[in-house]
Amino acid sequence: MTATANVTMPAGATPPASPRDTRAKKRRRGRFGDRVLPYLLLLPALAAILVLLAWPLVQVLAISFRKLDIGQLVSGKTVWIGFDNYANTLSDPEFWTITVRTLVFTASIVAATILGGLLLAVLMRHLDPVVRIIVQVTLVLAWATPVIATTTVFQWIFDQQYGILNKTLVKLGFDSFQGYSWFSSGTSTLMVIGLLVVWQAVPFVCFTIYAGLLQAPKELYEAAAMDGATAWQTFSTVSWPTIRPMVTLATFLSVIWDFKVFAQVWAIRGGGPDGESTTLPVLLYLRGIAGRHFGIASAVAVLMIVVLVVLTARYLQLLLRTREGDVS
């Protein structure tokens, strides 16, 4: 038989909290701290992003609504003209020609980069270890070479009079390439620039995809071989599901990098001949730095961002749907 003690509390006194209530409060405080701590840790990075990226973007957007030429810079006057810079840019036929050229150029070199990197990654998986190391070192050297140095080498290779490519083709019996100019038209100039960009972009894509190939279990390849699968069937059923997220990531990054290629285009021919190899980044430079029309240049920059967002919209959708780091 249990005895129950009746305790008389003084009037107005608060009864002591039970141990169960105290533990619940501590757990709630702990859960709140666990939820807040990740955001606190992200604050420094978020602040750096806002200072280095968001604020300059806001400035460019604001300048695109102003008339900002050399006269306004000297006088310090702020002249707001609304959407006039956008209207002038979008009504210029040259802008649309350059935009289409940039899109075709970007799509071509991205496709060539991804295909070349994929083929090299698959090849490295089947190479002898010594040969594989030689190939990897070669790729790293091509990747590490400065852009201007590589551009200078390509200019020498495709030179009209002293280029080794023309001399080699002539010795092989193609006499029509004697003194042939690879920079006589915008199409051939962009082709040379595209080869230059692909040359330096393939190593990154190759190593990225090769890292994905190493994640595929060897047991799956052995099972496919025992089932009599062909090389293509093995690749499509075993390798591709593993490297697909890597290929998607490499494609996304290549689109961003290749869309805004400037140094190679400018160093080769400055957008020539006769502006036929001018791309949007070069147009941005010509309007802004060279032409001193910073308002129009800012409008071009904003339009480039819009085009880039449209080009990468599919990847952004996949990124938002990502679950536990795997792109579906």
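Predicted model: local features only at pLDDT ≥ 70, side-chain atom pairs only at ≥ 80, totals over all residues.

Trainee: How far apart are the end C-alpha atoms of helix H8?
Mentor: They are 38 Å apart. Helix H8 covers residues 186-213, and its 28 residues should span 40 Å at 1.5 Å a residue, so the two values agree.

Trainee: Where is the kink in H8?
Mentor: The kink lies at Ala201, shortly before Pro203, and amounts to about 35°.

Trainee: And how many residues of H8 are buried?
Mentor: In H8, 22 of the 28 residues are buried, so the helix is mostly covered.

Trainee: Changing topic, how many aromatic pairs are there?
Mentor: A search of the whole structure gives 18. In one of them, the ring centres of Phe154 and Phe158 are 6.1 Å apart with planes at 25°, so that pair is stacked.

Trainee: How are Phe158 and Trp182 arranged?
Mentor: Their ring centres are 5.5 Å apart and their planes stand at 80°, so this pair is edge-to-face. Phe158 is in the loop between helices H6 and H7, while Trp182 is in the loop between H7 and H8, so the pair ties together parts 24 residues apart in sequence.

Trainee: Are those two buried or exposed?
Mentor: Both are buried: Phe158 has a relative accessible area of 7%, and Trp182 has 11%.

Trainee: Which charged end sits over the ring of Phe183?
Mentor: That of Arg269, 4.1 Å from the ring centre. Elsewhere, Arg66 lies over the face of Trp80, 5.9 Å from the ring centre.

Methods:
Residues numbered from 1 in each chain as written. Heavy atoms only, no water. Helix = DSSP H or I, 4+ residues; strand = E, 2+ residues; numbered from the N terminus. Expected span 1.5 Å × (residues − 1). Bend = angle between axes of the 7 residues up to and from the residue. Buried < 20%, exposed > 50% of the residue type's maximum accessible area, 1.4 Å probe, protein only. Phe/Tyr/Trp six-rings, centres within 6.5 Å; stacked < 30°, edge-to-face > 60°. Lys NZ or Arg CZ within 6 Å of the ring centre and 35° of its normal.
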